Amino acid sequence: MAGTIALPLQEFIASLDNASLPKILQVCSGVYFQGSIYEISGSEVCFSTGDLIKVIGIELQSVSCEDVVNKERFELPITHTGLLEIHNLKKKRQFIFIYLLFADTFLNSKMTFGSLTLGSGKALTVLSIERHNGEEGRVRCHVKGQTEASAEVCIPLSSRGEFYECESEESYTLKDIMASPSLRSRRFRFVKTTKCERVVVFSPIYQVQAIMNLRKNVLRFPSSLEVDVVDVTDVCKNVHFVTPLSLTEVLSQPDESFPVVAEVLEEPESRSFFKCDWLPGLTKSTNLVLHKKGTMAMVLMSSLKGRKNQQYFVVSQQYNGRFRRRPREFSSVYELYVASTQTNGLTVSVTRNCEEVKEEGLPDLSVGEKLQVVDCTRMELPCVNSKGERQSVEALLCHRLQEPNDDDDEDEEEDDEEKKEQEQENEEVLLPLYMQGHFVEVLAENKKYKLSDLGKEFSLPLDVKVVSRDTDLETDPLVGFPCLRIEGAMLEPSIQASFQNKPDHCFQLLPQWLSLSVSFTKDPLPWPEHQCPKCVIEKVSEVTDTFFYEFRRKDNSNEAPPPRPPKRDMSSLNLTKKTSKSTKKHSKPKKNKDKSPPTENCILNENKLTIYIYFFPENLTADVESDHDYETVDDSLVAMVKTAQESVPFY
């Protein structure tokens, strides 16, 4: 550092602009001779004597103000809206004209320039500096005379004289002052404030972005740190500074930068979205080959819930396996309605019997019946509410399809007539949206599809099964699942990468889903020049359930939430139950030995063990005249039950 000038960090940074960066500084002796540690925004920054700092960016944060009288310091934000004016000391100073910096100046002494003589007290305004090849530079000035006459005069730059500045009534904002190097060095006072008598000088405070030698992260610190530095940019041109890049920043690099060898600086977070084989290999100091960047079309698939844990996969549209559609299963009429909005003419088959309940509007359905969804409408329930009004609920209008006639008929006209008759005979069925049921989709075709074709011909989500594996993959993880659901499609920016020891086995890094910091190195590529190997690209990547839920959240962020499934109105049912209970309460008969015992009784013990005891008396006779659907209990039955309880062991 011999022969160099040490400056305070704040003063040096104030003399820079972004166009002059980067600059390499060396920390020299100052207030913190042995070293300095600053706690800034929760991160520790340490500068020791001799450290090299590469400044890569500066951003104006605030302005430090110093009162020239009492040396008091305070800060103002750069957004401060108050006005300031130049404080003129009216002291005579000697200038070389180039330092006048376009200020209004009074000439204090008589000066002669060739045939032109300027007397004392003349007002000069510097307009511009003119330079011509082979000639001395001149300052073009505007001169005002006593009779308001004016003229322009060119004065050589080498001319010297005594000048003092004119009084100026112009006001400036803090941003104006910081934007002008000439104003930044002047003294100011506030206009029309309580501080108008205070004379202050300004020092800008920047947030400095820098890289330190042997440190692999970008430092951010204020320029007001009390450290002295020396500019060693010319001496340290060959010093290598690591430049950390996030994957998003890698995407912004020009295409000519690829392929390149990059070193991993920061590992992915422990809470990762991926469950891939390559993920554990992304450790610190590991070298990767970044082949190229681009945009990748993918789909998100999930296995169905079952005995095994549910799995999720991100699959590239370049996947060469073949799929067949799988019938979807529905456990409620509401799910059936949602699917019908995505599939026209949806046909399903009933997989579980459903008994008719007229009060709730539930129809009778049998296993194997086929229903074709027509429309969503409203239906009236047969029962009335407490106000005596019939309730209207949303329902799904379906056609109950008749089984086709297997008898062969030679006459085609008769066949057409039979078809028309069958269409007319299709019974209309109304299914309330709150109805629970079990249905499976009826598919009319058994075609094989490419992954790219499925997205074009069908709406998502879609249930499929892999029937032909992708032969380009060593192991296809999608094979063997009885059913996979395509949850959605996405178009993601990606970086094709590989490990340096296996440059032909590539995988995709997704910057929006993977937090990773790397730095480009100058290491040679692991293959002969201009002989890039043929790469095997991973087309299927397993992801975590966190990825799935985050994808669903992002995918539905701009969409309105689906309506809630309708609920049953239990007012009429509760009214029916209350009436039934009231009837039972008032019609409870006294014990009568002549009444027949019931056919079934349920006994519950204290250990929640349920025992059903069936009695089949030989002399059991039904009370035909009774309008009740139950039988009364007499003393003989009570005694029989008591005997049974005593004889049955309880556990």
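Student: How many salt bridges does a search of the whole structure find?
Tutor: Good place to start! This is a predicted model, where local features need pLDDT of at least 70, side-chain atom pairs count only at pLDDT 80 or more, and totals for chains, interfaces and linings use all residues. Residues are numbered from 1 along each chain as its sequence is written, and side-chain values use heavy atoms, with hydrogens and water left out. A salt bridge here is a side-chain nitrogen of Lys or Arg within 4 Å of a carboxyl oxygen of Asp or Glu, and the search of the whole structure finds 19.

Student: Which residue forms a salt bridge with Arg198?
Tutor: Arg198 lies in the loop between strand 17 (187-190) and strand 18 (199-212). Strands (E, at least two residues) and helices (H or I, at least four) are DSSP runs, numbered from the N terminus. The partner sits in the loop between strand 5 (52-67) and strand 6 (73-77), so the pair ties together parts that are 126 residues apart in sequence. With the closest N and O atoms 3.1 Å apart, that partner is Glu72.

Student: Is Glu85 buried or exposed?
Tutor: Buried means under 20% relative accessible area, exposed over 50%, and partly exposed in between (1.4 Å probe, protein chains only). Arg189, at 30%, counts as partly exposed. Glu85 has 19% relative accessibility, so Glu85 counts as buried.

Student: Which are the edge strands of the open sheet of six strands?
Tutor: The strand order is 26-31-27-28-29-30, with antiparallel pairing. Two strands pair if DSSP finds at least two bridges between them, and three bridges join strand 26 to strand 31 (residues 436-441). An edge strand pairs on one side only, which gives strand 26 (329-332) and strand 30 (427-432).

Student: Which helix packs on the sheet?
Tutor: Look for a helix touching strand 26, strand 27 (347-350), strand 28 (370-384), strand 29 (390-401), strand 30 and strand 31; contact means heavy atoms within 4.5 Å. Its direction makes about 130 degrees with that of strand 26, using lines fitted to C-alpha atoms (for helices over the stretch in contact) and angles from 0 to 180 degrees between N-to-C directions. The answer is helix 5 (residues 333-340).
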